[in-house]
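Please open the structure in your viewer and keep the selection tool at hand. We will go from one selection to the next, and at each stop you will read what is there.

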Amino acid sequence: MEKLVLDGGVPLTGTVAASGAKNAALPILMATLLAPGEHRLANVPDLADVSHTLSLLGRIGCPSLAGSTTRVDTTRIAFSEAPYDVVRKMRASVLVLGPLLAREGAAKVSLPGGCAIGVRPIDQHLKGLEALGCRFVLEGGYVIGETDGLRGAEIHLDMPTVTGTENIVMAAVLAEGTSVIDNAAREPEVVDLCNFLVTLGAKIEGIGTSRLVIEGVSRLTPAARPYRILPDRIETGTYLAAAACASGDVTVTDTDPSELGAVLDTFREAGCFVETTPTTIRLRRDGPVRPFKLRTEPYPGFPTDMQAQFMTLACVGVGTSEIIETIFENRFLHAAELGRMGARIETHGNTAKVHGTGRLQPASVMASDLRASAALVLAGLAAEGLTEVLRIYHLDRGYDDLVGKLRTLGARIGRVSDAERDPARIQQALVA
Ligand code: EPU
């Protein structure tokens, strides 16, 4: 295994391009199962989660060719199953449930189980699919579903779950009759999935609102032109947060500022200068980071996937910031690791009070999930001296060429084997 090494305290300057969004690419890849034939997807990010998804599609019988334009051939389905060894690597595997039930009338998917950021049940996915005419049993850790034919239904979600909405939409597009999903998630990634489904011939109204009305069609067909995955708003926000934490002047291109309203407002509250064009965002920070308040909420509120990165920002600020996490019940695990870098953070339930001391110290740290790992990288960029971030497989799941992109901005960062202790080799990795 490898670790990241960073020599922090250097302001970041320059320009990086956002990659395609992980959380749009994964459901869209799964949705190709709904339309037999060859699909082409553009702007697919190079991520471990995308490779896991392609290998899951391969296990199902659908070969693919990975690349920035990825091809998937879903002409035939050989197995309607997502086995445990794939699902345990990637929770989003559960997104095969809707497409397989819609196309094959059967699906066997390992239950994802708990994860570092909480219990994360899938009861809403199952409730919606049952309303559409599926039956489920739980056997040996697997959810086994079948249907004699999907029928449109009215579904009210207890909370606007992102992958739950996606699973139900993917089944409803091939159900007989009209379905309504109330309290649907409005995240841009859900919108991107719906737009992709429309290119296959699906009939969906209310895209981008919390009420989706879907008129089922009897078949879907692959689009003639490649579908372009939308830019990753969380990756964009993470690079902006890197500039805010380490100070500097960074522009992210190929992105969409309109999807980051709450995040950009919080950067401004923290004393950063933010400027946008329709496809770029520039963030500059040369003064102190001011204390701020944020509360995570479903879109268009502040995204939970940016909460950890802002906790690092609060640590390098001066004064007390308040962070309230309302989406996941256990998403402050990075607070303890930041504590090892000198941060003063008190957590009570879903509220964290961060007493910014103006600086962090370098240390060896390890993270529990993808965004927590990103927060530790930002802490390493801000802290003067050598920081090591262990368990970087989390970062490989969700950040396309993180090291390359941060180097473009002037960061001294590299990857070495976990066991590497030789200071000369570590220095070499920082400039490689
Ligand atoms: N929930 C239920 N029952 C359900 C579904 C969800 O109780 O059936 C609860 C969850 O436990 C959680 C809340 O509802 O407390 C919201 O979870 P949601 O289902 O919206 O999350 P998700 O679909 O599992 C997606 C992203 C996450 C992101 C969340 C919230 C993908 C593949 N994953 O997860 O992304 O944090 O939405 O926006 O789209 C990440 O990229 O690092 C990541 C974790």
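In this predicted model, begin by selecting helix H1 (22-31), helix H5 (123-131), helix H6 (162-172) and helix H12 (370-382), each of which supplies at least two residues of the shell around the ligand. Helix H5 gives the most, with 3 residues. Now select the whole shell of 21 residues, where Gln 124, Thr 161, Thr 163, Asp 305 and Ile 327 come nearest to the ligand; by class, the shell has 9 nonpolar, 6 polar and 6 charged residues.

Next, look at the oxygen atoms of the ligand. One is 3.0 Å from an N or O atom in the side chain of Lys 22, while a polar backbone atom of Val 162 lies 2.8 Å from an oxygen atom of the ligand. The ligand taken alone exposes 840 Å², and the protein buries 87% of that.

Phe 196 belongs to helix H7 and Tyr 227 to strand E14, 31 residues apart, and both residues are buried.

Then select Phe 292 and Phe 310, another edge-to-face pair, with 5.7 Å from centre to centre and 90° between the planes. Ring pairs join Phe 267, Phe 292, Phe 302 and Phe 310 into a cluster.

As a last stop, select Arg 284, which lies over the face of Phe 273 at 4.4 Å from the ring centre, and then Lys 108, which lies over the face of Tyr 142 at 4.8 Å from the ring centre.

Conventions:
Residues are numbered from 1 along each chain as its sequence is written. This is a predicted model: local features need pLDDT of at least 70, side-chain atom pairs count only at pLDDT 80 or more; totals for chains, interfaces and linings use all residues. Side-chain values use heavy atoms; hydrogens and water are left out. A residue is near a molecule or strand if one of its heavy atoms lies within 4 Å of it. A polar contact is a pair of N or O atoms within 3.5 Å; within protein, one must be able to donate a hydrogen and the other to accept it, and residues adjacent in sequence count only if both atoms are side-chain atoms. Accessible areas come from the Shrake-Rupley method with a 1.4 Å probe; for residues, only the protein chains shown count as cover. Helices (H or I, at least four residues) and strands (E, at least two) are DSSP runs, numbered from the N terminus. Ala, Val, Leu, Ile, Met, Phe, Trp, Tyr, Cys and Pro count as nonpolar, Asp, Glu, Lys and Arg as charged, and the others, Gly among them, as polar. Buried means under 20% relative accessible area, exposed over 50%, partly exposed in between (1.4 Å probe, protein chains only). Rings of Phe, Tyr and Trp (its six-membered ring) pair if their centres lie within 6.5 Å; planes under 30 degrees apart count as stacked, over 60 as edge-to-face and the rest as tilted. A charge sits over a ring if NZ of Lys or CZ of Arg is within 6 Å of the ring centre and within 35 degrees of the ring normal.
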